[in-house]
Amino acid sequence: MDTPLHTIAVVGLGTMGTGIAEVLARAGREVVGIDVSDAAARRAVLALEASTARAVERERITEEERRNTLARFRTFSDLQAAAEADLVIEVVPESYDVKLQVLRELDGVVRPQTIIATGTNALSVTRLAADSERPERVLGLHFFNPAPAMKLVEVVSCVLTAPTAVEAVTELARELGKEPVAVGDRPGFVADGLLFGYLNQAAAMYESRYASREDIDAAMKLGCGLPMGPLALLDLIGIDTARTVLDAMYAESHDRLHAPAPILKQLSEAGLTGRKAGRGFYTYAAPDTAEVVEDALTPKPSAEAAAGREVRSVGVAGSGTMASGIAEVFAKAGYDVVLAARSLEKAEVAKARIGKSLARSVSKGRMTEEAREATLARIAPAGSLDAFSDVDLALEAVAEDLEIKQQLFATLDKICKPGAVLATTTSSLPVVACARATSRPEDVIGMHFFNPAPAMKLVEVVRTVLTSDEVHATVREVTAKIKKHPVDCGDRAGFIVNALLFPYLNNAIKMVEEHYATLDDIDAAMKLGGGYPMGPFELLDVVGLDVSLAIEKVLHSEFRDPGLAPAPLLEHLVAAGCLGRKTGRGFREYARR
């Protein structure tokens, strides 16, 4: 196994196999592509020709480098072609029987020192190795799609794997320009182990008709900065593939969060497997295309939709970052804003914070000095909620404490004029509990902004069973006028974003508790393999571990699912006062300011 991995066979020339072959050939390796389908082999050659031609056009490689790359890629239909390979990477369909058949045939073809890597993302590498002739040379090598673009490669070893094989493949990944992450053998490994639980919950959320597919996807893209929404991603991955991965994960974990949502089975068995079939959660212009077309589920404007109330002035209660950010958003959109805090001094400090934020926008050329002054002039600081007597929309952004919010809503009920809309920005508390503190629950609704409010485009519009259609329409209209994207959701813990985000974060903590992977490897895996803007532990430290724990507890209390119970490590860190960046220490340590 000390031999350099120069000649590499790729078995299975589908999308992933072709991508891996391209990466290897462009890195100077001799690549033997093997597929029982001559048509698949021809498509792989054409794909490499097209890809390298584009690279020449973009001046990323020369014409000579292109010719050399193409010359290094040869295709065959027989596994005998792998006889001289130093490494064989199998990327055949995700079936244990199919993969085992390939591995056993390879046992009789390749040299004793040849490493065999399985590209599985759901099946047991240990079982595959144990059933092969030389288990010490079998490991997992999990690329991500599209292989030429994605940096992450998970190198999966088991108790049978020789360390020299792991070292050789890890070094190869680095030479290919990838970021290898060492992981143990369990379904999903790191990236898919965290990703598929989240995707499964999104599918179940859609199946329960809690929110539309468009709103679920928009919420996760705009609220978390993800490159794709979960349902669109399931269509890209393949709904049948996702179901296979989740089945394998559930067989090992027995965690209900991994039990495939019934809709995945229904779609799979109907042949509606996503983009490759032309239809999955969405409908596509043709199989294997990304263009979404309208179908029977596409939202359409209703002529019978309720008309909203006129909103000219807005009251924002609170003096923290969220309150000042929301006040800034409304003032920039042209609304007169009353910013009320527990004292006039606190309200003026909050307005000064807005002034600094607007000044930064001026310095970056995003607004003029005149616009800044006009925006600030629309904000009137106040030391009492009495100043809300004539506002059309009163919105609270005070502490996330139900008793405090209920007291505030009881006060707003007495002060605000009839017809005023009363809104809460809560991210986890029941909106209806705030509504019941008033004599007009039909006027109460949730408007969950995301931090920082001036930058984040999403607003979750949370209506209770008592909210009137007119109030719901009003808030959607206002949200559009302040240039935010509204998504509708019902009044239950976590709404859309937190209900999907925090179980994923909790599962990442459990991975560390179980010593399965390090903080750095998990963060790297999710950024490089999932396209997440931040790794889970970076995000937890930014959000605050105390805030995260509170949300986890609310989710666990509402849904009573054992899998949602907060990870003990999170509870221990909060108890120790390690709350993240704000205290200088959370999952990582930070320099004190």
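A residue counts as buried when its relative accessible area is under 20%. Keep that cut-off in mind as we walk through this structure, which is a predicted model.

Let's start with strand E6, which covers residues 138-143. With the cut-off in hand, you can see why E6 is described as mostly covered: six of its six residues are buried.

Now step across to E6's partner, E5. These two strands run parallel and are paired over three bridges. Keep going and you reach strand E4, residues 87-90, which runs parallel to E5 and is joined to it by four bridges. Here Leu87 is the residue standing opposite Ile115 in E5. What holds strands together like this? Strands of a sheet pair through backbone hydrogen bonds, either parallel or antiparallel.

The loop between E6 and strand E7 (152-156) is the place of Pro146. The peptide bond joining Asn145 and Pro146 is cis, with omega at about 0 degrees.

Next comes an open sheet made of eight strands, in the order E13-E12-E11-E14-E15-E16-E17-E18, with mixed pairing. Which strands stand at the edges? They are E13 (379-382) and E18 (485-490); each has a single partner strand, so one side of each has no neighbour in the sheet. From one strand to the next, the twist averages 25 degrees.

Inside this sheet, take a look at strand E15 (residues 421-424) and strand E16 (residues 444-449), which pair in the parallel sense over three bridges. Leu422 has Val444 in E16 as its bridge partner. Helix H8, made of residues 213-224, packs on the sheet and touches strand E17 (458-463) and E18. The direction of H8 makes about 120 degrees with that of E18. Another helix, H13 (residues 344-363), lies across strand E12 (336-340) and E13, and runs at about 150 degrees to E13.

Let's move on to some backbone angles. Phe495 isn't a glycine, although its phi is positive, at about 50 degrees. You'll find Phe495 in the loop between E18 and H18. Is Phe495 buried or exposed? Its relative accessibility is 1%, so Phe495 counts as buried. Asp288 is another residue other than glycine with a positive phi, near 65 degrees. This one lies in the loop between strand E9 (283-284) and strand E10 (292-293). Because its relative accessibility is 64%, Asp288 counts as exposed.

The axes of H18 (residues 497-513) and H20 (residues 536-543) come within 10 Å and cross at roughly 115 degrees. This crossing is left-handed. On the H18 side, the contact is made by Leu501, Phe502, Tyr504, Leu505, Ala508, Ile509 and Val512; on the H20 side, by Pro536, Phe537, Leu539, Leu540 and Val543. Sorted by class, that contact has twelve nonpolar, no polar and no charged residues.

Now look at H10 (residues 239-253) and H11 (residues 262-269), whose axes come within 9 Å and cross at roughly 135 degrees. That angle makes H10 oblique to H11. The crossing of H10 and H11 is left-handed. Ile239, Asp240, Arg243 and Leu246 in H10 meet Leu264, Lys265, Leu267, Ser268 and Glu269 in H11. By class, the contact of H10 with H11 has four nonpolar, one polar and four charged residues.

Note on methods:
Residues numbered from 1 in each chain as written. Predicted model: local features only at pLDDT ≥ 70, side-chain atom pairs only at ≥ 80, totals over all residues. Heavy atoms only, no water. Axes fitted to C-alpha atoms, helices over the stretch in contact; angles between N-to-C directions. Left-handed = near helix turned anticlockwise from the far one by under 90°. Contact = heavy atoms within 4.5 Å. Nonpolar A, V, L, I, M, F, W, Y, C, P; charged D, E, K, R; others polar. Parallel < 35°, antiparallel > 145°, perpendicular 65-115°, else oblique. Pairing = 2+ DSSP bridges. Buried < 20%, exposed > 50% of the residue type's maximum accessible area, 1.4 Å probe, protein only.
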